[in-house]
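Subject: Structure handover

Hello,

Here is the structure you asked about. My notes on it follow below.

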Amino acid sequence: MKIYTGTGDKGKTSLFSGDRISKADAQIDAYGDLDELNSILGALAAHLATEEKRVAELQQIQSDLLQAGAWLATRPDSSATDSLREVTTDQIHFLENAIDRYEKELPQLNAFILPGGHITAAWAHLARTVCRRCERKAVSLITQSMKSQVTEPYQHLLVYLNRLSDYLFVLARHCNRIHGIADKPWKL
Amino acid sequence: MALPINLGNCKVGSNLKTKVATHSAVLLKRKWLSHKSFEIMISSPPGFQFEPGQRVGLSMGGHTRDYSIVSAPQEAELIFCIRSVAGGKLSTLLSVADMGAPVSVYGPHGYFTFRSTTRSAVFVATGTGIAPFCSMTRSGISNFTLLHGVRRQEDLYYANQFQQNAHEYVPCLTAADPLPQKAFKGKVTAYLERHLPSGAYDFYLCGRQEMIRDATLLIDERFPDSLVYTEIFY
Ligand SMILES: Cc1cc2nc3c(=O)[nH]c(=O)nc-3n(C[C@H](O)[C@H](O)[C@H](O)COP(=O)(O)OP(=O)(O)OC[C@H]3O[C@@H](n4cnc5c(N)ncnc54)[C@H](O)[C@@H]3O)c2cc1C
């Protein structure tokens, strides 16, 4: 089957819940950014190629992000959400455990650091900032479209994105550490 | 792929929730429905569960292809409606395979399932794209409008079933043969354009990619605020 369908040639696309909406809609904007984040994680994993454990961890996160993206690509009030798998606390714990593991090996931070250093750290910082943008857009989308009450699946999604940014921050520092590069503190 | 919403590189719909497994089955029956299309019945593998509208991967002789299930979940066997494609590997094999031949079944997959709302459902199929709607109607879903686009009358398989259960069943024929009663001469998209009253509907489109593209663009223009679910066969 061809990859192109032609149904999006006039600026509209379909949500998982069947809605035909403008490609400029906030919902498309939000999951588009999640796709961007996922691709950046792919670039980071490519640079970490020899570190099998790190790559496996990133691939798990890439898979989680596809799962999260499906929620952003579905209208919250649609029964199509019944077909979606929720982001679980286990997936959030996976990030938290990794953060704790990395942090144990890292020197304490007493100042802001400049994003960068080793190429892998630079990619991790870039991923972190895109992850924050994803979180901002998800918050805006979820709070606007679910004015009354944010349900548990969406709450978990927000926690996951929040934790992922922290994970990417410590991963960046870890990448510098294993490559023998000291994080550069911010000096005025 | 079931509901081709494009998450960047990923067409969602392969699998988000259901457990997918590989099952073994055997070919039990084959019945020709027209010159080119036939129905096969295979044993339903133990523990195999699906929702009406879903598809599976069928595998034989090293070839695997997707097929939508025609039968309803409560039926004892799995039924498929297959077009014998000229030079096509698996469809040809399935058209001649001996009864009792082993078939591997992967799945179920997909999200082309019926979601009940307050709006009217319009099912649009071309050719064997009728398959998922068969499973739905055999499962008790009724009151929909169904357009079935085919070349000739002989390809209107399952017409009886739909005449009973559909609110409206409209065969759309493109060949120049004499028209059966209540049939429309032309493509399904022409019928949508000329005869479906304006409004918002839940559209379910299944079959050829060209039809799905043309119908979707037409729906955007003529039936805004409708929902559109699609299943592209080829
Ligand atoms: C989600 C999904 C569900 C499907 N369900 C069905 C089904 O219920 N019944 C069914 O017959 N097919 C169905 N198909 C198509 C099926 O998967 C195969 O593509 C088809 O049987 C041809 O396989 P083949 O090995 O014989 O041909 P191949 O050797 O793979 O050659 C493929 C050629 O066949 C053409 N082709 C594919 N399907 C058709 C068709 N139905 N009519 C005319 N030309 C076609 C393609 O354009 C291509 O040129 C489905 C496909 C998808 C993606």
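I begin in chain B, where B:Pro108 sits in strand β8, residues 102-109. The peptide bond between B:Gly107 and B:Pro108 is cis, with omega at about 5°. As a general point, most peptide bonds are trans, and most residues other than glycine have a negative phi. Please keep in mind throughout that this is a predicted model.

Two residues in chain B have a backbone worth checking on screen. B:Asn143 has a phi near 70°, which is positive although the residue is not glycine. B:Asn143 belongs to the loop between α2 (131-138) and β10 of chain B, and it is exposed, at 58% relative accessible area. B:Tyr158 also has a positive phi, about 70°, and is not a glycine either. The loop that holds B:Tyr158 runs between β10 and α3 (159-165) of chain B. With a relative accessibility of 11%, B:Tyr158 counts as buried.

Strand β10 of chain B covers residues 145-150 and includes B:Val150. Is B:Val150 buried or exposed? B:Val150 counts as buried, because its relative accessibility is 8% and the cut-off for buried is under 20%. Leaving out residues up to four places away in sequence, B:Val150 touches B:Gly127, B:Asp155, B:Leu156, B:Cys172, B:Leu173 and B:Thr174.

Domains of chain B

Chain B is split into domain 1, residues 9-109, and domain 2, residues 114-233. Domain 1 of chain B gives 21 residues to the contact, and domain 2 of chain B gives 15. Their C-alpha centres are 22 Å apart. Together, domain 1 and domain 2 of chain B bury about 1,400 Å² between them, with 49% of that area on carbon and sulfur atoms.

How many salt bridges cross the interface of domain 1 and domain 2 of chain B? There are three salt bridges across it. The two domains of chain B also have eight residue pairs in polar contact, both residues of a pair being at pLDDT 80 or more. On the side of domain 1 of chain B that touches domain 2 of chain B, β4 (37-43) and β7 (77-83) each supply at least two residues. The largest share of that side comes from β7(B), with four residues. Sorted by class, that side of domain 1 of chain B has 10 nonpolar, seven polar and four charged residues.

B:Arg55 takes part in two of the salt bridges I looked at. B:Arg55 pairs with B:Glu231, where the closest N and O atoms are 3.5 Å apart. B:Arg55 also pairs with B:Asp66, where the closest N and O atoms are 3.7 Å apart. B:Arg55 is in strand β5 (residues 55-60) and B:Asp66 in strand β6 (residues 63-68) of chain B, so this pair ties together parts 11 residues apart in sequence. B:Arg55 counts as buried at 6% relative accessibility, whereas B:Asp66, at 47%, counts as partly exposed.

Chain A

Over all chains, the whole structure has 22 salt bridges. One of them joins the side chains of A:Asp29 and A:Lys137, at 3.2 Å from N to O. A:Asp29 is in helix α1 (residues 26-47) and A:Lys137 in helix α4 (residues 119-145) of chain A, and the two are 108 residues apart. Both are partly exposed: A:Asp29 has a relative accessible area of 36%, and A:Lys137 has 25%. These two residues are also in a network of salt bridges that links A:Asp29, A:Asp33, A:Glu36, A:Arg133 and A:Lys137.

Another salt bridge in chain A is between A:Arg163 and A:Glu96, with 2.7 Å between the closest N and O atoms. A:Arg163 lies in helix α5 (residues 152-178) and A:Glu96 in helix α3 of chain A, so the pair ties together parts 67 residues apart in sequence. A:Glu96 is partly exposed, at 24% relative accessible area.

A:Thr74 is buried, with a relative accessible area of 1%. Not counting residues up to four places away in sequence, A:Thr74 touches A:Phe16, A:Ser17, A:Gln27, A:Ala80, A:Thr81, A:Leu84 and A:Tyr154.

Regards

Conventions. Residues are numbered from 1 along each chain as its sequence is written. Chains are lettered from A and ligands numbered from 1 in the order in which they are written. Side-chain values use heavy atoms; hydrogens and water are left out. Domain bounds come from an automatic or database domain assignment. Contact means heavy atoms within 4.5 Å. Buried area is the accessible area (1.4 Å probe) that two parts lose on being put together, summed over both. A salt bridge is a side-chain nitrogen of Lys or Arg within 4 Å of a carboxyl oxygen of Asp or Glu. A polar contact is a pair of N or O atoms within 3.5 Å; within protein, one must be able to donate a hydrogen and the other to accept it, and residues adjacent in sequence count only if both atoms are side-chain atoms. Ala, Val, Leu, Ile, Met, Phe, Trp, Tyr, Cys and Pro count as nonpolar, Asp, Glu, Lys and Arg as charged, and the others, Gly among them, as polar. Buried means under 20% relative accessible area, exposed over 50%, partly exposed in between (1.4 Å probe, protein chains only).
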